[in-house]
Amino acid sequence: MAKENLLEIRDLHTSFFTDHGVVRAVNGVDLDVPEGRIVGLVGESGCGKSMTARSVMGLIKSPGRIESGSIKLDGRELVGLSDRELRSVCGDDVSMIFQEPMTSLNPVLKVGRQVEEVLLVHHKASTKEEAKRLTVDMFERVGIPEAEKRMSAYPHELSGGLRQRVMIAMAMVCKPRLLIADEPTTALDVTIEAQILRLMKQLCKEHHMGILIITHNLGVVAEICDDVYVMYAGRIVENAPVFELFDHKRHPYTEGLMNAIPKIGGNPEFLSTIPGVVPNLLHVGDGCTFAGRCAHASDRCRAEMPALYEVAEHHTCRCFLAEREGQ
Amino acid sequence: MTSNGTERGQVILRAEKVTKEFKTRKKQFVHAVSDVDLSLHHGETLALVGESGCGKSTLARTLIHLLPVTSGKVFYKDQEITKMSDRDFRLIGQKMQMVFQDPYASLNPRMTVRDIIAEPLVTHKVFRTKQETTDRVLELMEKVGVPGDFLDRYPHQFSGGQRQRIGIARAIALEPEILVCDEPVSALDVSVQSQVLNLIKHLKQDMELSTLFIGHDLSVINFIADRVAVMFLGRICEVATKDELYSRPLHPYTSFLLDAIPKPDPHLRDHPRRYLSGEIPSPVHPPEGCHFHTRCPYATEQCKREVPEMKDYGGGHLAACHCIRA
């Protein structure tokens with residue numbers, strides 16, 4: 001995996017300073033997205049996966065801020081740049097797809113116009129005619145039927161699947177080098193989800209794009225990701241290439257998650273569960289954040305946060321159980 | 001727990017040619033449910049699966065008298081309930097309860113947990129004293145796994161999973177026979193989802209509930225259901241026991257659905273898959289003939305003209321498709 005890292009996040013800390021205390025939403029995250037690979041960031045709601053993505057895009061709003069760490073796009077540091085500088089550095093090279101396609105499109109503008117505008121703003125098209133041609137082209141690429149006609153539709157006239165495809169067309173039209181997709185298929189039906197995932201895979205191959213996909217669905221991860229990061233309570237707890245992760249998962253949380261999903265073919269009387277709930281990030285102690293829900297937790301786990309130990313090539317795990325093999 | 005001696009396997013709720021249309025402001029009709037026949041047997045979990053907008057929630061609601069039907073009949077045991085007034089339905093209504101999808105919207109934010117769970121008990125005047133009611137509420141909370149100390153807390157103080165447990169406690173307060181669960185775990189995280197699914201399965205066994213479980217996630221349904229009915233655009237296209245449906249799907253739509261689920265195993269990713277193209281047609285102008293023909297790769301001229309009838313392919317495996325050779 002000597003591929004160049006398009007995106008390199010090192011020791012990122014993003015915190016929210018609320019009236020009730022400091023919430024460390026992203027607490028020392030390291031993450032790489034190489035060119036031409038699809039990287040999955042998995043975790044349950046509130047684990048900080050969306051905040052990691054938003055930190056990259058400079059979308060952290062008060063009372064939150066990036067406290068420390070580094071985010072490098074193609075070697076250029078993004079942390080500390082003003083909004084304006086950030087736009088010029090990553091405006092053309094990074095796009096983001098959000099979960100809810102209804103709230104991310106402007107309801108009073110025709111969808112064609114919204115995509116054309118992106119092209120014009122980023123100087124990827126010099127005339128309106130050219131922008132229109134590129135937009136129709138992109139609509140066809142992402143599988144919008146009757147693309148020319150749909151150009152003049154308003155968002156509410158389109159189904160969820162079509163709206164999400166408009167969002168993808170908008171994100172793709174400038175041919176970004178990095179695409180960040182935050183739960184891109186969660187709001188969609190399975191048959192549409194399958195279409196969208198296939199499309200993202202194709203686009204990644206053709207344009208040699210790096211894709212960071214944020215999801216809670218391990219099925220989506222198994223389907224399209226090359227590398228996976230599992231996140232829990234603001235920290236990465238396990239990281240490995242996708243086959244390694246599914247075949248040799250090491251962290252008790254990863255294992256719990258995988259066992260908790262009902263699988264077709266298996267016929268268990270009852271599902272295995274992870275007891276308890278995700279800890280409140282306002283009150284986390286010094287120990288491992290998963291210790292309260294972990295069957296293997298020892299006194300050491302409750303007192304001390306384990307580091308990320310390397311358990312195999314490209315496979316790291318934040319658990320004392322993995323420490324021994326790591327040495 | 002069954003008070004009036006229905007036996008396992010008997011039909012407890014039955015729909016006969018149920019049709020439900022909604023009138024839009026533009027005076028058009030949304031054909032949400034068309035000509036559906038379906039029965040729920042005592043003690044079973046019947047799952048209704050389909051993509052959003054296929055009419056599964058509407059069908060479930062017409063079955064338990066939450067929505068009037070446009071035409072057709074619904075029977076509870078041998079009694080027709082379709083035309084009953086709300087007043088007459090009251091007694092039967094106690095036997096049918098519902099758990100809703102969104103645990104954030106389905107609990108009144110200004111009521112305490114005690115009041116939420118006690119509401120059906122108070123409405124139906126089950127107990128005479130407050131103490132008795134509180135005791136029952138505590139018993140129910142224990143049953144669904146919410147600590148009794150939280151009696152006087154408000155919904156916002158709970159996580160999604162716990163709220164869903166509270167919604168379940170409210171639904172089982174009157175010891176219903178029929179429980180309708182409308183996507184009860186789609187808003188929950190995986191680790192919590194499995195807890196709630198286990199709870200529903202436990203309750204079903206303990207209380208001999210007949211459950212109608214609405215969902216879109218076929219892996220969840222594989223875990224919870226005994227029988228599955230697949231819906232597409234207002235019609236049921238296949239009904240079978242769980243094992244039959246997953247191992248031998250007959251209707252093309254069912255096999256496409258099964259194919260489309262992302263499987264949590266990367267080794268399966270390169271298996272050849274078939275993709276369903278196109279969008280779900282509008283229920284305002286559903287296509288002639290078989291509703292699925294616009295997306296179906298096997299569609300023939302006959303499919304475009306004639307609505308396929310539901311046929312039995314053995315052992316209660318029903319499917320409605322012109323193209324099945326069996």
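Which residue is the bridge partner of A:T14 in β2(A)? In this predicted model, the bridge partner of A:T14 is A:V26. This pairing belongs to the contact between strand β1 (residues 5-18) of chain A and β2(A), which run antiparallel and are joined by eleven bridges. Both strands are part of an open sheet of four strands in chain A, arranged in the order β2-β1-β4-β5 with antiparallel pairing. At the edges of this sheet stand β2 (21-34) and β5 (76-77) of chain A, each of which pairs on one side only. Strands of a sheet pair through backbone hydrogen bonds, in either a parallel or an antiparallel manner. Helix α1 (residues 49-57) of chain A lies across β1, β2 and β4 (64-73) of that chain, and runs at about 70° to β2(A).

According to the domain assignment, chain A consists of domain 1 (5-93 + 176-326) and domain 2 (104-175). The C-alpha centres of domain 1 and domain 2 of chain A are 30 Å apart. Contact between these domains of chain A involves 13 residues of domain 1 and eleven residues of domain 2. On the side of domain 1 of chain A that touches domain 2, α8(A) supplies the largest share, with six residues. By class, this side of domain 1 of chain A comprises nine nonpolar residues, three polar residues and one charged residue.

The interface between the chains brings 37 residues of chain A into contact with 33 residues of chain B. On the chain A side, two or more residues are given by each of α7 (160-172), α8 (190-207), α9 (218-224), α10 (242-247) and α11 (252-260). The largest share of the chain A side again comes from α8(A), here with seven residues. The residues on this side of chain A divide into 20 nonpolar, eleven polar and six charged.

The largest nonpolar core contains 185 residues, and those with the most contacts inside it are A:A169, A:I211, A:L212, B:A47, B:I117, B:A169 and B:A229. The greatest contribution to this core is made by α7(A), which gives eight residues. Because domain 1 (5-93 + 176-326) and domain 2 (104-175) of chain A both give residues to the core, it lies between them. In soluble globular proteins, nonpolar side chains tend to be buried together. In chain B, leaving aside neighbours within four places in sequence, B:A47 is in contact with B:F213, B:G215, B:I221, B:I224, B:A225, B:V228 and B:A229.

Notes:
Residues are numbered from 1 along each chain as its sequence is written. Chains are lettered from A and ligands numbered from 1 in the order in which they are written. This is a predicted model: local features need pLDDT of at least 70, side-chain atom pairs count only at pLDDT 80 or more; totals for chains, interfaces and linings use all residues. Two residues are in contact if their C-beta atoms, placed from the backbone, lie within 7 Å. Ala, Val, Leu, Ile, Met, Phe, Trp, Tyr, Cys and Pro count as nonpolar, Asp, Glu, Lys and Arg as charged, and the others, Gly among them, as polar. Two strands pair if DSSP finds at least two bridges between them. Axes are lines fitted to C-alpha atoms, for helices over the stretch in contact, and angles run from 0 to 180 degrees between N-to-C directions. Domain bounds come from an automatic or database domain assignment. A nonpolar core is a set of buried Ala, Val, Leu, Ile, Met, Phe, Trp, Tyr and Cys residues joined through C-beta atoms within 7 Å. A residue is buried if 20 or more other C-beta atoms lie within 10 Å of its own, exposed if 12 or fewer, and partly exposed in between; C-beta atoms are placed from the backbone.
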